[in-house]
Amino acid sequence: MRKLLFFILLSVTLAASAQVYDTKSKAAIKLYQQSGMAMSTREKIELLEKAIAKDKMFSQAYFQLALTHLNAGNYELMVSTMETIYELRPDDDMVKLRMAEAYYRNGQYQEAVDVYEGISAGFKERAKNLGSRYKTALNLYRNPVKMQPRRVEGVSTRYNDYFASITADGSMMSTTVLAPIENYAGDERLQEDIYVSYSKPDGTWSFSRPIDDNLNTPDNEGSQSFSADGRYMFFVSCNNPDNIGSCDIYYAIRQGRRWSNPINLGAPANTEYWESNPYMAPSGEELYFVTNRPGGLGKRDIWKVKIRIKRDGTLEPYDAQPLGSPINTEDDEYAPFLHADGETFYFSSNGHEGMGGSDIFVTRINSSGQVTMAPKNLGYPINTNGDESGFVVNGEGTRGYYASDRIDPDSDTKLDIYEITLPEPARPAKMLYSPGRVYDASNGRPLQAYVEVFDQSSNRKYFESTSDRSNGEFVVFLPEKGSYGFSVRQSGYLFYTEEISKAGDSIVAALQPIISGSTMTVENLFFDTDKDEILPTSYAVIEHLYQFLRTNTKIKIEIVGHTDNVGQVAHNNDLSLRRAEALKNALVRKGISASRIETRGAGSSQPVADNSTEEGRARNRRVEVVIK
């Protein structure tokens, strides 16, 4: 978790040579060199303190001791160590820069700026990016945001808790917990495992416990996340015999309240390098993750890989690419999270200017993957001089959850999970929860099927997943305003398409088995009044029908057009036939053989509703597909 900036930012211009020391004491140099081979933090500190005792002006020993205290989380000792050498060598520009950096990491931003301003012009020019960081942190500290973090009781354990993940409906939260366990020899060691907690009616959370099933092993598992609908859990497993690299991305599929066996996501998501922090986009089409593989900008970059959901619910990754600038930098970016609105993107970084350590940032990404807003620091007191990471937001966009080691002074620098209430201007688009169910129309049996939801005006895909095999259920989150359609496909059944009246409504799909004479209405197929030209808002449903015919290659169909009873019978018969022909032509243009499609115009002769009402007439104006 701690990928720190201290001294590393100064490595090129300021680091002391490995062969040149600013002491003539051979005993001090020997102790300093021995500290580099120390087996524990305590031993390293003792050797460095002995080296300083041999020569109180030995600056490299002070620098290394301060860095050791920082890595151990002892920020105050880091500062006091640097203040000692600063008092002894107040005119040394290198010491000043290291002193400023120590103040910055301890949250003493004004002191960091003051010391930096006292550096000579030449040194300051070589480290001007540091000066900008200090001033940015001071500005954030002096202008806090109106959000007060609260420790999440129940979810936070007495151990280190991080990488919170919450289902979009807010019912379940999972975390990575670093807890001591006994190995087979009875010796205690630290291990990462996946824990889970459930929301209670009073708004609190149940005590976090290791997740059941077989997801945790004697090695490290963690960095988990849920898909927006809670059907998939992604996580990272290290040192697994099935791994491609040291740490690989796995996933499990939820059936009822149980999870499937873990499945390695495979290449190109996983490589011989290190992969972590997986998060599936709400649409189900992409997975964001973090890797140190070549091809990025920094040491750890955020990448994305495209995803195909197969008929059985398993996933196929392809075309992995880094996000690039302005999100990735030359340092570390990690813990990506794309809200259910499909646009608001959060991540952690120590490369963008912040308050020290890793900070949480927000940006926006459009449907084409372009960044439309420069990354913005979430501000103080959400971010501190410590490490903040793993920011996630519930589907409604009202509450955010993340891990920090510096907010609570009583936490003893332990990572805990915190919650904030997002003010209205900072919230992503409100998303509404629409429960769904798929079943066999002939016998009522629940079905596992491929489900896709799309925007009818833009044909943008909002969601894809599979329904639960045990109960046929699925969950969709949609923007409060908009016009949506959905389609359902499963082998052996007619594909199903319907309009969603409004976000938040329940969605039910009764699939008809494919038998001769089976009939389905092609919903979401739109024409202008009294015209046969298919409107662009219909292209999504045409694609779904095309995929159905492309998959079921032996099926032949008849397309039947229908009208209401307004107008002359001959005109209605002609219009209904022309509309059936228009759909046939659209399918033929996409590659379906014309010999597989017959057309017929039924006019107003076969109504399914009362033509005396507008609602009834609208239902009668339809196009149907009949299996031959």
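These are my notebook entries on what I looked up in this predicted model.

**Entry 1: the whole chain**

I began with the secondary structure and found 11 helices and 32 strands in the chain. Next I looked up the box that the C-alpha atoms fill, and along the principal axes it is roughly 105 × 55 × 45 Å. How much of the chain is buried? Buried residues make up 54% of the 628 residues. The accessible surface comes to about 27,300 Å², and carbon and sulfur atoms own 48% of that.

I also looked up contacts between residues at least 6 apart in sequence: 57% of them join residues at least 24 apart. For charges, I noted 70 positive and 83 negative side chains. The centres of those two sets lie 2 Å apart.

I then went looking for nonpolar residues packed together. In soluble globular proteins, nonpolar side chains tend to be buried together. Here the largest nonpolar core has 42 residues, and Met-78, Met-82, Met-99 and Tyr-134 touch the most other members. Which helices supply at least two residues each to this core? My list reads helix 1 (26-35), helix 2 (41-54), helix 3 (59-71), helix 4 (75-88), helix 5 (93-105), helix 6 (109-117) and helix 8 (128-142).

Leaving out residues up to four places away in sequence, Met-82 touches Tyr-62, Phe-63, Ala-66, Val-95, Arg-98, Met-99 and Ala-102.

**Entry 2: helix 5**

Helix 5 was next on my list. It has 13 residues and reaches 18 Å from first C-alpha to last, close to the 18 Å expected at 1.5 Å a residue. Is helix 5 mostly covered or mostly open? It's mostly covered, with 12 of its 13 residues buried. Charged residues turn up among the buried ones too, including Asp-93, Lys-96, Arg-98, Glu-101 and Arg-105. Met-99 is also on the buried list, and I'd already met Met-99 as a contact of Met-82. What covers these buried residues? The cover includes helix 3, helix 4, helix 6, helix 7 (121-126) and helix 8.

**Entry 3: Val-566**

Last, I tracked down Val-566. Where does it sit? I found Val-566 in the loop between strand 30 (557-562) and helix 10 (569-589). Not counting residues up to four places away in sequence, Val-566 touches Asn-572 and Arg-617. I also checked Val-566 against Ser-612: they are 46 residues apart in sequence and 9.9 Å apart in space, C-alpha to C-alpha.

Technical notes: Residues are numbered from 1 along each chain as its sequence is written. This is a predicted model: local features need pLDDT of at least 70, side-chain atom pairs count only at pLDDT 80 or more; totals for chains, interfaces and linings use all residues. Side-chain values use heavy atoms; hydrogens and water are left out. Helices (H or I, at least four residues) and strands (E, at least two) are DSSP runs, numbered from the N terminus. Buried means under 20% relative accessible area, exposed over 50%, partly exposed in between (1.4 Å probe, protein chains only). Contact means heavy atoms within 4.5 Å. Accessible areas come from the Shrake-Rupley method with a 1.4 Å probe; for residues, only the protein chains shown count as cover. The place of a charge is taken as NZ of Lys, CZ of Arg, CG of Asp or CD of Glu. A nonpolar core is a set of buried Ala, Val, Leu, Ile, Met, Phe, Trp, Tyr and Cys residues joined through side-chain atoms within 4.5 Å. The expected span of a helix is 1.5 Å times one less than its number of residues.
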